[in-house]
Amino acid sequence: MTQESIVLNTTPPYSGADLVDDVNDALQSLGTDFAGSTDPAAVGGVGPYMTWADTANGLLKRRNAADTAWVTIGKLLVDNSDAANIDYNNTASGLSATDVEGAIDEVALKAGQLINIQTFTTSGTYTPTAGTKKIIVEVVGGGGGGGAGNIDNSFGGGGAGGGYARKMINVSALTVPETVTIGAGGGAGAEGGGSSGGATSFGSHVSANGGSAGASASGTGYSTGGAGVNGDINISGGTGDYAGSVSAHTSGRGGCAAFYSNISPGSILGSGGVAGNGYGAGGGGGGRSTGTTRAGADGTAGLCIIWEYA
């Protein structure tokens, strides 16, 4: 640091060595913004719009146009990567550009930040985490139950997958605590068709219907996936396999939801239906070879995931 004059001596005699020393001092003064603890206004060459690194107060200052005073324009060596810990100067006379910059950085770091995820696999109530401004809600309906293989050489139909919906909601629009209902998986058909999955809902804001039940082998037909309702994105669940004879139809696979589940594997003749995996999966249909009716498999329950943002 130096506060040397930046006006070079022009009075001869002036040696080359002296000139080099004075030029170096002047460059150092300019390069460090006349860094020092004392006012450099009297130093040769200081004038309007020049800057001073006031090390005594940790401030960067600029000379005013009239060359009568220094104006604070910021703090020295502020690390804005730690903006949350800056003690901002909010007085009318001392608010600096750096203070404002740091405050904007702090807000930018926090606004829209994911702060928590709440997951419901059983019904309950939702209360936002402190600081939450917006939420994204995902709901999956329960999967339908698989139908029974109740005639020789046939498969019961697979249960369909639960619907899926996704919605962004302002926390100010909620009734806190908000009711979360998780749709049950549909029951398997022991002798006939299965039962449909239940609907999953987040208050009255968004919901997903359960998948329909797989028919018994004697009932025939495909099962239909549940629908998403009132979401920004709504996706129906997958269709369950057709119920009927081996010669005409497939092996009783259950459908899956758009996310968070898998298609249930098909069964084989002489065995019961195979359950799906995850949330909102339809149960598989049972496969009857000869004589003995084979039950389907249960569907799996739904799901609600709430992503919380500042």
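## Charged pairs and a nonpolar patch

Asp152 has a relative accessible area of 38%, so this residue is partly exposed. Please keep in mind that the model is a predicted one. The partner of Asp152 in a salt bridge is Arg288, with 2.7 Å between the closest N and O atoms. Because Asp152 sits in the loop between β6 (134–140) and β7 (154–155) and Arg288 in strand β18, the pair ties together parts that are 136 residues apart in sequence. Arg288 itself counts as buried, at 13% relative accessibility.

How many salt bridges does a search of the whole structure find? The search turns up three, listed here:

| Salt bridge | N to O distance |
|---|---|
| Asp152 and Arg288 | 2.7 Å |
| Asp67 and Arg63 | 2.7 Å |
| Lys61 and Asp54 | 2.9 Å |

In the Lys61 pair, Lys61 is buried at 14% relative accessibility, and Asp54 is buried too, at 1%. For the Arg63 pair, Arg63 is buried with a relative accessible area of 9%, whereas Asp67 is partly exposed at 32%.

Now for the wider picture. The protein has two helices and 19 strands, and 40% of its 310 residues count as buried. Of the contacts between residues at least 6 apart in sequence, 58% join residues at least 24 apart.

The accessible surface comes to about 14400 Å², with 54% belonging to carbon and sulfur atoms. On this surface, Ile233, Ile235, Phe259, Tyr260 and Tyr279 make a nonpolar patch of about 400 Å². Tyr279 lies in the loop between β17 (277–278) and β18 (287–288) and is partly exposed, at 33% relative accessibility.

How values were computed:
Residues are numbered from 1 along each chain as its sequence is written. This is a predicted model: local features need pLDDT of at least 70, side-chain atom pairs count only at pLDDT 80 or more; totals for chains, interfaces and linings use all residues. Side-chain values use heavy atoms; hydrogens and water are left out. Helices (H or I, at least four residues) and strands (E, at least two) are DSSP runs, numbered from the N terminus. Buried means under 20% relative accessible area, exposed over 50%, partly exposed in between (1.4 Å probe, protein chains only). Contact means heavy atoms within 4.5 Å. Accessible areas come from the Shrake-Rupley method with a 1.4 Å probe; for residues, only the protein chains shown count as cover. Patches are made of residues with over 30% relative accessible area and no salt bridge: like charges are joined within 9 Å, nonpolar side chains (Val, Leu, Ile, Met, Phe, Trp, Tyr) within 5 Å. A salt bridge is a side-chain nitrogen of Lys or Arg within 4 Å of a carboxyl oxygen of Asp or Glu.
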